[in-house]
Amino acid sequence: MKLKLINKTQWHDGDLRKFILGALRAVGARPLQSHVWKVEVHVARSERTTGWAYLGSRWTPRRMRVRLPQPDKLRSDRNELVKAFAQLCHHEALHAVGVVHKDMTEDQYYCRQSVPWSEGLQLRSKDELTPAEEARKAAHDDKLSHVRSMHKKALTRLKRAETIEKKWGRRLRMLEKKS
């Protein structure tokens, strides 16, 4: 299932992608049913998560837009936001596969349904790094410091070579004058 994600928030793209794909799979969206799902994630003006999605059919585009509060503006617990976002994604995914409000249960309509597929998912801000990302960053920093030190040594060797060349050039010119 292809997903074009346009993220205009400070939340991590990979985490948002997991929520949206999880919701689409949970409601039965098949990979062959669509070409590309276009999902936009915008900043919410309040703490509420909101969204909309086109009703899915083969004549309409598969588009969805959700709004999330920024991580630094969050006053409530992040776990509550994770649960609310999963429920919202599930609700909008239902629309994306063609379910209208009158066909939803009351819990699905008001985004109160249980979402067992979201167990273990988390929302991280782009500033927070996973342990693997921290290890990659540390390895990159080590390589960078090594390259800088080797470059400095190469410059020193170059300057020494230029100095030696000047010295022997002067001696050569002096001896050529005398002869």
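So, aspartate 15: with a relative accessibility of 2%, this residue counts as buried. Keep in mind that we're looking at a predicted model. And who does aspartate 15 pair with? Its side chain meets that of arginine 124 in a salt bridge, at 3.1 Å from N to O. Aspartate 15 sits in helix 1, residues 13–26, while arginine 124 is in the loop between helix 3 and helix 4, so this pair ties together parts that are 109 residues apart in sequence. Arginine 124 is buried too, at 10% relative accessible area.

Okay, how many salt bridges are there in the whole structure? A search finds seven. Another one joins glutamate 40 and arginine 65, with the closest N and O atoms 2.8 Å apart. Here glutamate 40 is in strand 2 and arginine 65 in strand 4, 25 residues apart. Both of these residues are buried.

Now hop over to helix 4. Lysine 137 and aspartate 141 form a salt bridge, at 3.5 Å between the closest N and O. These two are four residues apart in the helix, so about one helical turn separates them. Lysine 137 is partly exposed, at 46%, and so is aspartate 141, at 36%. There's also a network: salt bridges with shared partners join Lys38, Glu40, Arg63 and Arg65.

Last stop, the cysteines. Cysteine 89, by the way, is buried, at 1% relative accessibility.

Terms used:
Residues are numbered from 1 along each chain as its sequence is written. This is a predicted model: local features need pLDDT of at least 70, side-chain atom pairs count only at pLDDT 80 or more; totals for chains, interfaces and linings use all residues. Side-chain values use heavy atoms; hydrogens and water are left out. Buried means under 20% relative accessible area, exposed over 50%, partly exposed in between (1.4 Å probe, protein chains only). A salt bridge is a side-chain nitrogen of Lys or Arg within 4 Å of a carboxyl oxygen of Asp or Glu.
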